[in-house]
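The following note collects points for a colleague who is reviewing the model shown below.

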Amino acid sequence: MKSFFFFLLTSLALAACVDTATSVTPADPDWLRLEIPSGGEARQVAGDLDGTLFVATTFEIYKTSNRGKSWELIRRRHYGPQGIILRHDTLWNVTNGGGTPQQKFVYDRYADYTVDGGKTWQKDMNPTELRLQINAASATDGTVYTIRENSTPKAEDPLSAYVNPADILRQTAEGTTLLALPFRHGINALHLDSRNRLYVAVYGTHVPETNRILSSLTESPAVVYVSRRPQS
């Protein structure tokens, strides 16, 4: 009986920490691909690949401390999507989102937070609203990266549209250009770490024949792309 319970506990521990590949392709010189098993859809990123990286999905929050080789589930909720705001060693789990196509935010008041990497959570009783723009990120040299969503109106229903692959705009003092990307997805959020590496939280599968993005399945991996080098 003791052997059975030991096996059960070992299995549960392994299920919460699963090895994953971290590269787009061996030949890709510019981007890493991180996969979180069964995450479904990457909603947001916080932290640093060289330290601790947090990824919010629709219903969960994961972290990795070994550059994406394994992921630990630190938070699961029955509603979503989940949002995260990291300041110093404090990570807040925010659950409200809104804004316009030009400025999208996650925000909350009295949000749950953790100061130990997700081991324990408590309620923030400060009424000040927490807010973070997620569809744009600014580098230390003033370069701004912004998500450009693309869509095609449906002929049968002009008020709705098919989702097409998103772009990332790079804005400097000299003007605005498109950032070259090796992938075709919808994009939920951008994040820059202290080294100005760009993290891109994506969703969906690209259908080349129609240039449309199909929604991510709940059991599919959540995917984040990380630039190998600083973007400024």
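1. Helices (H or I, at least four residues) and strands (E, at least two) are DSSP runs, numbered from the N terminus. This is a predicted model, in which local features need pLDDT of at least 70 and side-chain atom pairs count only at pLDDT 80 or more, while totals for chains, interfaces and linings use all residues. Residues are numbered from 1 along each chain as its sequence is written, and side-chain values use heavy atoms, with hydrogens and water left out.

2. Asn-135 is placed in the loop between β13 and β14. With a relative accessible area of 3%, Asn-135 is buried (buried means under 20% relative accessible area, exposed over 50%, partly exposed in between, with a 1.4 Å probe and protein chains only). A polar atom of its side chain lies 3.1 Å from the backbone nitrogen of Lys-104. Beyond its neighbours within four places in sequence, the contacts of Asn-135 (heavy atoms within 4.5 Å) include Pro-101, Gln-102, Tyr-145 and Leu-190.

3. Strands β14 (residues 136-138) and β15 (residues 144-154) run antiparallel and are joined by three bridges; two strands pair if DSSP finds at least two bridges between them. Ser-138 has Val-144 of β15 as its bridge partner. Five residues lie between the strands of this hairpin, where Gly-142 adopts a positive phi near 95 degrees. β15 also pairs with strand β16 (residues 157-172), in the antiparallel sense and over ten bridges. The hairpin from β15 to β16 passes through two residues, and Arg-148 is set opposite Asp-167 in β16.

4. An open sheet is formed by four strands in the order β7-β8-β11-β12, with antiparallel pairing. β7 (83-87) and β12 (122-123) are at the edges with a single partner strand each, so one side of each has no neighbour in the sheet. Two bridges connect β12 with β11 (residues 112-114) in the antiparallel sense, and Tyr-113 has Gln-122 as its bridge partner in β12.

5. What lies in the loop between β12 and β13 (130-133)? Asp-124 is found there. Asp-124 is buried but has no salt bridge, and Arg-87, the nearest side chain of opposite charge, is 7.8 Å away. A salt bridge is a side-chain nitrogen of Lys or Arg within 4 Å of a carboxyl oxygen of Asp or Glu.

6. The side chain of Asp-124 has polar partners instead: the side chain of Trp-92 at 2.8 Å and the backbone nitrogen of Asn-126 at 3.0 Å. A polar contact is a pair of N or O atoms within 3.5 Å; within protein, one must be able to donate a hydrogen and the other to accept it, and residues adjacent in sequence count only if both atoms are side-chain atoms. With neighbours within four places in sequence left aside, Asp-124 is in contact with Trp-92, Tyr-110, Ala-111 and Tyr-113.

7. How many aromatic pairs does a search of the whole structure find? The search finds three. Rings of Phe, Tyr and Trp (its six-membered ring) pair if their centres lie within 6.5 Å; planes under 30 degrees apart count as stacked, over 60 as edge-to-face and the rest as tilted. Trp-92 and Tyr-113 have ring centres 6.3 Å apart and planes at 40 degrees, so this pair is tilted. Trp-92 belongs to β8 (residues 90-94) and Tyr-113 to β11, so the pair ties together parts 21 residues apart in sequence. Trp-92 is buried at 12%, as is Tyr-113 at 18%. Phe-183 and Tyr-225 form a stacked pair, 3.9 Å centre to centre with 15 degrees between the planes.

8. The structure holds 16 salt bridges. One of them joins the side chains of Arg-229 and Asp-30 at 2.4 Å, N to O. That pair links distant parts of the chain, 199 residues apart: the segment after β22 (222-227) and the loop between β1 (17-19) and β2 (31-36). Asp-193 and Arg-197 form another, at 2.9 Å, and both residues are buried. A network of salt bridges links Asp-48, Asp-50, Arg-67, Asp-193, Arg-195 and Arg-197.

Key. Lys, Arg positive; Asp, Glu negative; His and termini not counted.
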